[in-house]
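Here is a walk through one protein model, taken a piece at a time. Keep the structure open and follow along as the residues come up.

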Amino acid sequence: MATPHPPGGSGGCRWRAVMTGAAGSAPAGEGTLYKSSEWKGELRVATAEDAVQYQLFLVTCEPGDPDQCREVLQQYIERILVQFAPILVSYIWQNQPFNLKYKPAKGDIPAHIGGVTKFGDNIEDEWFIVYLIQQITKKFPEIAARVDDNDGEFLLIEAADFLPKWLKPENSTNRVFFHQGELCIIPQPKTLGEEPWLPVTNPTILQALMLLYAHPEDFLATKSIRAAVYKRISGYPEKVQASLHQAHCYLPAGIVVVLKHRPALVAAAVQAFYLRDPIDLQACCPFKIFLPNKCVMTSVTFTKCLYAQLMQQKFVPDRRSGYTLPSPVHHQYKAHELGMKLAHGFEILCSKCNPVAPDSKRQVLNTPFWTGFLNSLKKNNYFKGELEGSAKYLDQLHMAENYFQQSVIKPKSAVAMSPGEEILTLLQTLSFNLDELEKEAASLPPEDDDGWLEISPDDLDQILSEASDRNESIPPSNEEDQKYDLAEVTESMKAFISKVSTHEGAETPWSPAEACVTFDVDSFTNALDRILGADSEELDSDDLDEEEQFEFLDSDEDLDSEAHGQEEKASPNKMMGSLRSYMDEMDCELTHTNVGKSFVTPRKVASSAKEPLSRDADCALEDDSDAGDADLTPVDVDLNLVTNLLESYSAQAGLAGPASNILQSMGVHLPENSDRRCISSTATD
């Protein structure tokens with residue numbers, strides 16, 4: 001059964017596990033577990049939910065005159081927007097576009113240019129902005145940029161498995177920058193006195209910029225960190241086209257004309273319908289602007305996120321709206337349903353605003369700023385050789401005008417219009433011929449396949465496997481070709497136990513060969529002796545509520561006399577003998593219980609190898625009891641460890657669980673068990 005594909009990424013409720021790794025090129029997973037909220041620093045407080053904030057600074061010496069600095073930064077805004085206009089003018093943003101504006105100096109933050117973009121449900125908008133920031137610093141090497149969102153340093157979160165151990169949420173502020181097209185991290189000095197030019201505490205923005213200016217090549221992030229971040233932005237700008245989806249929609253003629261001149265307005269209409277409330281729907285009962293009696297078939301370009309939001313909404317139009325849908329088995333039912341939903345979105349947008357004077361846009365385009373912007377576009381071959389006045393030239397020109405109005409002028413001018421006002425203005429200024437639109441509808445290009453909306457269980461497993469931080473390849477499906485070294489399992493678990501764990505989490509070793517597992521018997525016995533030493537008063541514990549829980553300690557008269565009669569400190573040899581006597585007494589007590597039968601011993605392994613696999617477990621227990629209480633066959637620790645792990649893995653029934661999670665985090669992948677008997681036989685071997 002197919003599984004619905006979630007539309008886009010979730011924004012504000014995204015919790016991410018942050019695992020800080022060992023320094024340098026240490027294997028993934030050696031680190032401490034954090035929640036993404038811990039990566040929020042001093043500058044993240046003002047970041048809106050589901051929004052990405054970007055700041056671009058000049059690493060060169062800052063001009064002393066604030067007016068001169070403002071002028072220089074304003075020139076950079078124009079140069080940047082013109083440089084990337086070819087990929088920005090046609091981009092369909094989920095909520096807000098990429099925008100830059102001048103930010104005056106404030107406190108320790110120098111004057112810079114920056115902006116905030118709310119990406120909503122489409123997290124691809126955020127990573128597209130990361131790509132833009134990287135390319136800006138590559139094109140303008142004198143600029144250093146930092147980017148974060150409401151989750152904090154999300155670039156560090158993306159590369160969490162490869163971070164050095166010193167880098168933690170509390171000391172990551174103002175250390176991560178894009179400079180000269182590369183990801184840079186300003187480190188801490190390894191020891192006091194070494195590299196005194198590195199800041200021990202969190203640097204200020206000015207300190208970080210001075211370091212990047214003086215030592216640009218010394219702060220390049222490690223190859224693994226850069227690879228993790230660059231993987232998310234690889235494929236751009238071609239990836240923009242792959243994120244689009246064209247579908248046929250049965251729409252009112254007015255909407256068809258509006259979308260021809262302003263394709264990006266589809267995002268505002270989808271959001272208006274997607275976030276509708278009963279008050280919004282009152283404006284559609286009945287329709288006042290986009291009447292359903294003049295509808296034609298057209299092709300609409302969505303992003304995949306917008307298309308999924310529109311498709312997954314179950315909605316029946318009100319009879320008063322005038323919209324009716326054909327039978328679900330009709331070959332154009334989907335086009336009629338999409339058109340009806342989109343028409344509701346456009347009507348809701350227009351109902352919230354009043355028409356704007358048609359010449360207001362012309363006033364914006366008559367400024368010298370627009371003239372310089374247009375000339376820069378021509379120099380950058382934005383029109384791709386099209387003759388001035390041709391249809392394609394005019395289409396590109398309209399897109400550039402809208403981009404200039406929404407992204408360049410809007411941050412600093414009140415002339416910019418809301419989506420509803422722009423729709424009403426376009427309806428006033430544009431004319432259309434219904435017959436011509438119907439002729440175009442007869443030769444529409446085929447719509448894109450929307451099979452990506454649903455994925456099969458196998459496809460889901462493939463996606464999860466590829467998304468796994470440490471899964472380099474999918475394990476082969478043929479178990480006969482798989483070789484699992486159970487010795488590696490035991491060594492991995494021993495290495496895991498030997499690692500340091502704190503209140504922040506446990507360190508997970510990637511390979512058992514990284515650290516030797518040692519066990520000092522003398523230190524262990526001395527530690528136990530200090531706990532179980534001569535004074536019985538040292539045995540009190542805050543974890544035990546009642547004194548009756550200690551009664552097992554004085555069940556024997558000799559132990560009671562030793563605990564209460566000896567007040568002087570015993571010699572080390574005598575204490576060691578006392579501890580061994582404790583162990584002997586416990587062994588004797590346990591021989592009369594069934595505890596020993598729960599462990600696998602070499603005798604059991606030998607006997608089980610001779611007996612058929614189908615023999616009942618109760619018979620084996622009977623044989624063990626007949627062997628006598630004095631059977632103190634040594635327990636094979638490694639064999640018991642593997643057996644218990646495989647039993648735990650089998651109990652998971654293919655789902656996630658402690659055994660698979662711990663072992664996979666250490667690079668150990670267990671086979672799928674189709675028969676329970678194979679587990680016991682594997683452990684025996």
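This is a predicted model: local features need pLDDT of at least 70, side-chain atom pairs count only at pLDDT 80 or more; totals for chains, interfaces and linings use all residues.

Pro286 lies in the loop between helix H10 (278-282) and S11.

Follow the chain on from Pro286 and its loop takes you to S11. Is strand S11 (residues 295-303) largely enclosed or open? Of its 9 residues, 7 are buried, so the rest of the structure largely encloses S11.

S11 runs antiparallel to strand S10 (residues 244-252), and 9 bridges join the two. To find your place in this pairing, look for Gln246, which stands opposite Thr301 in S11.

Now for an open sheet of 6 strands, in the order S5-S6-S4-S7-S8-S9, with antiparallel pairing. Its edges are strand S5 (101-103) and strand S9 (182-185), each of which pairs on one side only. Neighbouring strands in this sheet are turned against each other by 35° on average, ignoring direction.

Within the sheet, strand S4 (residues 51-58) and strand S6 (residues 112-118) run antiparallel and are joined by 6 bridges. Gln53 stands opposite Val116 in S6. Helix H1 (residues 66-83) lies across S4, S5, S6 and strand S7 (143-149), and runs at about 150° to S5. Helix H3 (residues 123-139) lies across S4, S6, S7 and strand S8 (176-179), running at about 5° to S4.

In soluble globular proteins, nonpolar side chains tend to be buried together. Here the largest nonpolar core has 66 residues, and the ones with the most contacts inside it are Leu56, Ile80, Phe98, Phe128, Leu155 and Leu183. H3 gives the most to this core, with 9 residues.

What does Phe128 touch, leaving aside residues up to four places away in sequence? Its contacts are Ile87, Leu88, Tyr91, Trp93, Tyr236 and Val240. There's also a second, separate core of 45 residues, and Leu259, Cys284, Met340 and Leu349 are among them.

## Rings, and charges over rings

A search of the whole structure turns up 16 aromatic pairs. One of them is Phe273 with Phe315, an edge-to-face pair at 5.2 Å centre to centre with 85° between the planes. Phe273 belongs to helix H9 (residues 265-274), while Phe315 is in the loop between helix H11 (304-311) and helix H12 (333-351), so this pair ties together parts that are 42 residues apart in sequence. Both of these Phe residues are buried.

Tyr382 and Phe383 also make an edge-to-face pair, 5.0 Å centre to centre and with 75° between the planes. Tyr382 is buried at 2% relative accessible area, and Phe383 counts as buried at 6%. Phe128 comes back here as well: ring pairs link Tyr91, Trp93, Phe128, Tyr131 and Tyr236 into a cluster.

Next come the charged side chains placed over rings. Arg79 lies over the face of Tyr76, 5.0 Å from the ring centre. Lys304 lies over the face of Trp452, at 5.4 Å from the ring centre.

## Loop residues to look up

Two residues have a positive phi although neither is a glycine: Asp50, at about 55°, and Asn174, at about 60°. Asp50 is in the loop between strand S3 (33-35) and S4, whereas Asn174 is in the loop between helix H4 (154-158) and S8. Are they buried or exposed? Asp50 counts as buried at 13% relative accessibility, and Asn174 counts as buried at 7%.

Finally, find Leu453 in the loop between helix H17 (434-441) and strand S12 (454-455). Leu453 is buried, with a relative accessible area of 6%. It is 141 residues from Gln312 in sequence, yet their C-alpha atoms are 9.4 Å apart in space.

Key. Residues are numbered from 1 along each chain as its sequence is written. Side-chain values use heavy atoms; hydrogens and water are left out. Helices (H or I, at least four residues) and strands (E, at least two) are DSSP runs, numbered from the N terminus. Buried means under 20% relative accessible area, exposed over 50%, partly exposed in between (1.4 Å probe, protein chains only). Two strands pair if DSSP finds at least two bridges between them. Axes are lines fitted to C-alpha atoms, for helices over the stretch in contact, and angles run from 0 to 180 degrees between N-to-C directions. Contact means heavy atoms within 4.5 Å. A nonpolar core is a set of buried Ala, Val, Leu, Ile, Met, Phe, Trp, Tyr and Cys residues joined through side-chain atoms within 4.5 Å. Rings of Phe, Tyr and Trp (its six-membered ring) pair if their centres lie within 6.5 Å; planes under 30 degrees apart count as stacked, over 60 as edge-to-face and the rest as tilted. A charge sits over a ring if NZ of Lys or CZ of Arg is within 6 Å of the ring centre and within 35 degrees of the ring normal.
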